[in-house]
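Here is a short note to read beside the model. Keep the viewer open and find each element as it comes up.

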Amino acid sequence: MSTITLGGNPVHTSGELPKIGSQLADFNLVKTDLSIATLADYAGKKVVFNIFPSIDTGTCAASVRKFNETAAGLNNTVVICVSRDLPFAQKRFCGAEGIENVENLSDFKDGSFGKANGLEITDSVLAGLHSRVVLVIDEKGTIVHTEQVAEIADEPNYDAALAVL
């Protein structure tokens, strides 16, 4: 279990983030067209996972915008934004914002991605949602960077996440 904060108050997650050098566990996440995405869909590509509680908060929206800007210039790299929001909300947000360089995947069905990676919030008003995390994997699915953002309202360290690419 990790301890992070929400407005300075302690909040706990379901576990620890995966270790650098380990393989990311396979997943079944829902795309905005309601089809299923798995880890195999991204084989041979570097992937930045921008994970957050909800697309409908200011900090989460800012991180999607920032990664969208950055993603346009990355070679052989996909930026995936993961939350428990419904795929319809993710699609609406990106359409309204003109965001085209990131993929949104939803863990709304059972939260298994959050649980498998130790980032599900287990208490507070956000219980069941994902904490703010950045995971980066290489072309073989090996984790090369992790960041558990200490305060949910803070943005991740974009430079550190992108430096490993």
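Helices (H or I, at least four residues) and strands (E, at least two) are DSSP runs, numbered from the N terminus. Keep in mind that this is a predicted model.

1. Start with Leu 86. This residue lies in the loop between β6 (77–83) and α2 (87–97). Is Leu 86 buried, exposed or partly exposed? Its relative accessibility is 42%, so Leu 86 counts as partly exposed. The band for that label runs between 20% and 50%.

2. **A nonpolar patch.** Together with Leu 34 and Phe 88, Leu 86 makes a nonpolar surface patch of about 310 Å². Find these three side chains in the viewer.

3. **The sheet.** Now look at the strands. Seven of them form an open sheet: 7 strands in the order β4-β3-β7-β6-β5-β8-β9. The pairing is mixed. Which strands stand at the edges? They are β4 (36–37) and β9, each with a single partner strand, so one side of each has no neighbour in the sheet.

4. **Strand β8 is covered.** Check both faces. On one side sit Val 133, Leu 135 and Ile 137, and on the other Val 134 and Val 136; all are buried.

5. **β8 and β5.** In the sheet order, β8 stands between β5 and β9. Take β5 (residues 46–51) to begin with. This strand runs antiparallel to β8, and 5 bridges join the two. Ile 51 stands opposite Val 133, and Asn 50 stands opposite Val 134.

6. **β8 and β9.** Which residue of β9 is the bridge partner of Val 134? It is Glu 147.

7. **The β8–β9 hairpin.** There are 5 residues between these two strands. Among them, look for Gly 141, which takes a positive phi near 85°.

8. **A hairpin at β1 and β2.** Strand β1 (residues 3–6) pairs with strand β2 (residues 9–12) over 4 bridges, in the antiparallel sense. Thr 5 has Pro 10 as its bridge partner in β2. This hairpin has 2 residues between the strands. Here Gly 7 takes a positive phi, near 60°.

Note on methods: Residues are numbered from 1 along each chain as its sequence is written. This is a predicted model: local features need pLDDT of at least 70, side-chain atom pairs count only at pLDDT 80 or more; totals for chains, interfaces and linings use all residues. Side-chain values use heavy atoms; hydrogens and water are left out. Buried means under 20% relative accessible area, exposed over 50%, partly exposed in between (1.4 Å probe, protein chains only). Two strands pair if DSSP finds at least two bridges between them. Patches are made of residues with over 30% relative accessible area and no salt bridge: like charges are joined within 9 Å, nonpolar side chains (Val, Leu, Ile, Met, Phe, Trp, Tyr) within 5 Å. Accessible areas come from the Shrake-Rupley method with a 1.4 Å probe; for residues, only the protein chains shown count as cover. A salt bridge is a side-chain nitrogen of Lys or Arg within 4 Å of a carboxyl oxygen of Asp or Glu.
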